[in-house]
Amino acid sequence: MSKPPDANDSRMVSARLLIDLVNNHLDPGYAAAAARRGKDARSRWYDRPAVIAGCLLIGFILVVAYVHTHRSAPQAAKVHDSLVSRVRAAQHVADQLGNRVTDLEKQLSNAQRQALPQSAQLAKDLTLAQLQAGQAAVTGPGMVVTLRDPPTPSASPTGGRGGTTPIGATNILTDRDVRSVVNELWRDGSEAVAVNDIRLTPTSAIRFAGLAVLVDFQPITSPYRIKAIGNADELSTNFAQSAVASRYQTLQGVNHIGFSFTDAQDITLPAGATVGLRYAKVLNRSGGHR
Amino acid sequence: MIAGLALVAGIVLGLILRPTVPTWLEPYLPIAVVAALDAVFGGLRARLDGIFDAKVFVVSFISNVTVAALIVFLGDKLGVGSQLSTAVVVVLGIRIFGNAAAIRRHLFRA
């Protein structure tokens with residue numbers, strides 16, 4: 001400090017308060033009592049019991065606070081920890097299984113390529129069928145539609161409790177919205193569609209559970225990016241004219257959702273989950289061609 | 001010496017009795033803990049400065065806890081309880097830090 005503030009300046013009262021707070025930590029009462037007693041400090045009869053009682057009380061308060069905090073914490077923390085670890089373990093297993101699926105599919109396609117003669121009709125049919133069933137990664141021009149939930153309103157300044165924002169105010173977009181956009185894109189002539197990089201197959205389901213939109217049982221969250229491959233000009237023209245687009249443009253103005261669509265020249269969509277037929281059986285194995 | 005023994009006795013007493021804290025007292029517990037720590041460090045520093053006074057120690061501790069609890073209680077009634085308890089913790093925390101630094105200077109001369 002270059003220039004110490006004048007303690008007697010009346011304008012410095014509030015500043016002095018802060019300086020006192022930072023510099024003088026000791027209760028002034030100690031110094032005052034010492035000055036009052038003077039040099040010949042005789043111990044009074046209540047000195048020792050007072051110190052004992054005070055320290056007893058302080059120790060008691062400290063341990064009560066400790067016990068109290070740790071009594072209620074463990075159950076909630078234990079449940080939370082065990083849930084978290086179970087979710088982590090399940091995610092780990094799911095990741096491993098997903099990697100295994102990818103590996104096996106790679107082996108399968110290699111085996112198929114070796115078994116089928118290239119450029120034969122059968123190989124072409126297979127490729128086309130895989131493309132239509134969403135079993136092969138594809139690339140091409142198309143368009144991207146983005147739906148975004150409105151931003152969470154900030155906490156009210158009037159000391160409101162957290163978490164009292166109604167769910168309806170933040171989760172306006174549901175499975176229905178994603179589904180209607182996807183259906184509109186199919187109608188406009190898409191050849192392949194993916195939602196948040198989850199490829200849609202003929203058996204894909206877009207559903208709603210809790211607060212998450214599920215695509216093929218994989219939860220996704222806002223923003224929802226729906227990519228479609230097709231004739232980019234045709235797609236964007238058809239989509240812009242559709243009732244779905246105008247509905248979300250209205251919602252954008254009223255409920256402040258985010259809604260935008262652009263055409264893109266180069267979109268790559270991953271392969272979708274394997275479709276296992278559980279009930280349908282091939283009728284005639286020899287008649288491969290339709 | 002005797003103060004340390006009493007502190008340990010209080011801790012043991014609390015561990016043995018394990019009293020349940022009534023719900024209405026719960027918000028004041030952290031404030032009481034910080035005020036208690038402030039009293040301990042203040043008392044220790046006064047002792048090292050050679051100006052310790054038992055009466056000042058006990059009275060300042062009890063009045064600190066009472067005033068802090070009163071401020072928080074008033075804040076709860078006005079709807080700014082959490083902000084005021086933050087203020088109390090900040091003020092007492094600065095004092096604890098300062099006193100701990102003074103004790104450190106006394107003990108280690110550093």
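The legends below describe close-up views of a predicted model.

Residues are numbered from 1 along each chain as its sequence is written, with chains lettered from A and ligands numbered from 1 in the order in which they are written. Because the model is predicted, local features need pLDDT of at least 70 and side-chain atom pairs count only at pLDDT 80 or more, while totals for chains, interfaces and linings use all residues.

**View 1. Overall make-up of chain A.** Chain A has eight helices and eight strands; these are DSSP runs numbered from the N terminus, helices being H or I of at least four residues and strands E of at least two. Of its 290 residues, 20% are buried. A residue counts as buried if 20 or more other C-beta atoms lie within 10 Å of its own, exposed if 12 or fewer, and partly exposed in between, with C-beta atoms placed from the backbone. Among contacts in chain A with a separation of 6 or more, 75% are between residues 24 or more positions apart; a contact requires C-beta atoms, placed from the backbone, within 7 Å.

**View 2. The open sheet of chain A.** Five strands of chain A make up an open antiparallel sheet in the order S3-S2-S7-S1-S8; two strands pair if DSSP finds at least two bridges between them. Strand S3 (198-199) and strand S8 (258-269) are the edge strands, each pairing on one side only. Strand S1 (residues 138-148) of chain A is joined to S8(A) by 10 bridges, and Thr139(A) has Thr268(A) as its bridge partner.

**View 3. Strand S7 of chain A and its neighbours.** Strand S7 (residues 224-229) has five of its six residues buried, so S7(A) is largely enclosed by the rest of the structure. On one pairing, S1(A) and S7(A) are antiparallel over six bridges, with Val144(A) opposite Lys227(A). On another, strand S2 (residues 192-195) of chain A is joined to S7(A) by four bridges, also antiparallel, and Val195(A) stands opposite Ile226(A).

View 4. Phi is near 45° for Asn196(A) and near 65° for Asp197(A); the value is positive in a residue other than glycine in the case of Asn196(A) and of Asp197(A). Asn196(A) is partly exposed because 17 other C-beta atoms lie within 10 Å, whereas Asp197(A), with 12, is exposed.

**View 5. Nonpolar cores.** The largest nonpolar core has 40 residues, of which Ile58(A), Ile61(A), Ala35(B) and Ala36(B) touch the most other members. Helix H2 (28-37) and helix H3 (47-115) of chain A supply at least two residues each, as do helix H1 (2-17), helix H2 (29-49), helix H3 (54-78) and helix H4 (81-108) of chain B. H2(B) gives the largest share, 11 residues. Apart from this core lies another, of 27 residues, including Leu173(A), Val195(A), Val213(A) and Ile267(A). A nonpolar core is a set of buried Ala, Val, Leu, Ile, Met, Phe, Trp, Tyr and Cys residues joined through C-beta atoms within 7 Å.

**View 6. The side of chain B that touches chain A.** Here 42 residues of chain B are in contact with 32 residues of chain A. H1(B) gives the most to this side of chain B, with 11 residues. The residues of this side divide into 30 nonpolar, seven polar and five charged; Ala, Val, Leu, Ile, Met, Phe, Trp, Tyr, Cys and Pro count as nonpolar, Asp, Glu, Lys and Arg as charged, and the others, Gly among them, as polar.

How values were computed:
Contact = placed C-beta atoms within 7 Å.
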